[in-house]
Amino acid sequence: MYYYELHESDDDLYTDALLAHEQEFTEEEFLELVLEAREAVVRSFEEDSLVEAIANELERRHEFVFIDDARLVASVNVSLVDRDNILATVDAGGSRHHEDDEEDDGDDDEDDEDDRAEDAAEFRTLVVDIDREDLN
C-alpha cells in the first residue's frame, strides 16, 4: 500500500487529505492525476474543501482510498495525564465522543435529542503552531 497526501491552504485555513493506493505512482504521475481531478471538480464541488473534492474524485476515477473520518473505527485520546487517556467511541459517520459522555443524565428525552445532534456534528482538525516555551 502506498500513501499520498493533498494539501490546501490559504491565509486562515489549512486542510489536507491522506489517500492510499495499491499502485506506486511517481510524484509527476500523482501530480497529473491530481490536476486532472481538480479540473473535473473545481467549478462544482459540494464538499467542504477543494482537497476533499479532489480526494473523492481520485477515489471515484482511479481507485484511491480517501482516508477520512467516515472510515475511522477507533479513536483514543492520549495525554501525559493518566486520567485523560481514554477511548473515544466512533459512530458510523466518523463522529467521536467520549465513553463517559454516555451516562444517562436522569431526564427523559429533552436533552437526548440535543445530545444526538451534538454527536452528529462533524469534527475538523486544526493545525496550531505553539511554541513550547509559551506553555511554561
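Here are some notes on this predicted model, point by point.

1. **Ground rules.** Residues are numbered from 1 along each chain as its sequence is written. Because the model is predicted, local features need pLDDT of at least 70 and side-chain atom pairs count only at pLDDT 80 or more, while totals for chains, interfaces and linings use all residues; side-chain values use heavy atoms, with hydrogens and water left out.

2. **Confidence.** Let's start with pLDDT, the predictor's confidence in each residue, from 0 to 100. The protein averages 78, and 63% of the residues score at least 70. Helix α1 (residues 27-41) has the highest confidence, at 97, whereas helix α3 (residues 110-120) has the lowest, at a mean of 46. Over residues 108-121 the pLDDT stays under 50, and the model has 6 contacts beyond four places in sequence for this stretch; a contact means heavy atoms within 4.5 Å. Where pLDDT is low, the predicted coordinates should not be read in detail.

3. **Overall layout.** The protein has 4 helices and 6 strands, in the order β-β-α-α-β-β-β-β-α-α along the sequence. These elements are DSSP runs numbered from the N terminus: helices are H or I with at least four residues, and strands are E with at least two. Of the 136 residues, 21% count as buried, where buried means under 20% relative accessible area, exposed over 50%, and partly exposed in between (1.4 Å probe, protein chains only). Among contacts with a separation of 6 or more, 41% come from residues 24 or more positions apart.

4. **Helices α1 and α2.** The axes of these two helices come within 9 Å and cross at roughly 110°. That makes α1 roughly perpendicular to α2. On the α1 side, the contact is made by Phe-30, Leu-33, Val-34, Glu-36, Ala-37, Arg-38, Ala-40 and Val-41. On the α2 side, Leu-50, Ala-53, Ile-54, Glu-57, Leu-58, Arg-61 and His-62 take part. The residues of this contact divide into 10 nonpolar, 1 polar and 4 charged. For reference, axes are lines fitted to C-alpha atoms, for helices over the stretch in contact, and angles run from 0 to 180 degrees between N-to-C directions. Angles under 35 degrees count as roughly parallel, over 145 as roughly antiparallel, 65 to 115 as roughly perpendicular and the rest as oblique. Ala, Val, Leu, Ile, Met, Phe, Trp, Tyr, Cys and Pro count as nonpolar, Asp, Glu, Lys and Arg as charged, and the others, Gly among them, as polar.

5. **Aromatic pairs.** The whole structure holds 5 aromatic pairs. The rings of Phe-25 and Phe-64 have centres 5.5 Å apart and planes at 25°, so this pair is stacked. Phe-25 sits in the loop between β2 (14-21) and α1, and Phe-64 in the loop between α2 and β3, 39 residues apart. Phe-25 is buried at a relative accessible area of 15%, and Phe-64 is buried at 2%. The rings of Phe-30 and Phe-64 have centres 5.8 Å apart and planes at 50°, so this second pair is tilted. Because Phe-30 lies in helix α1 and Phe-64 in the loop between α2 and β3, the pair ties together parts 34 residues apart in sequence. One aromatic cluster is formed by Tyr-4, Phe-25, Phe-30 and Phe-64. Rings of Phe, Tyr and Trp (its six-membered ring) pair if their centres lie within 6.5 Å; planes under 30 degrees apart count as stacked, over 60 as edge-to-face and the rest as tilted.

6. **Thr-15 and Ser-49.** Thr-15 is found in strand β2 and is partly exposed, with a relative accessible area of 21%. Not counting residues up to four places away in sequence, Thr-15 touches Leu-6, His-7, Glu-8, Ser-49 and Val-51. Ser-49 lies in the loop between α1 and α2 and is buried at 9% relative accessibility. With neighbours within four places left aside, Ser-49 is in contact with Glu-8 and Thr-15.

7. Asn-56 belongs to helix α2 (residues 50-62) and is buried, at a relative accessible area of 18%. Beyond four places in sequence, Asn-56 touches Glu-47 and Phe-66. Asp-69 is in the loop between β3 (65-67) and β4 (75-77) and is partly exposed, at 29%. Asp-69 and Val-90 are 21 residues apart in sequence and 9.2 Å apart in space, C-alpha to C-alpha.
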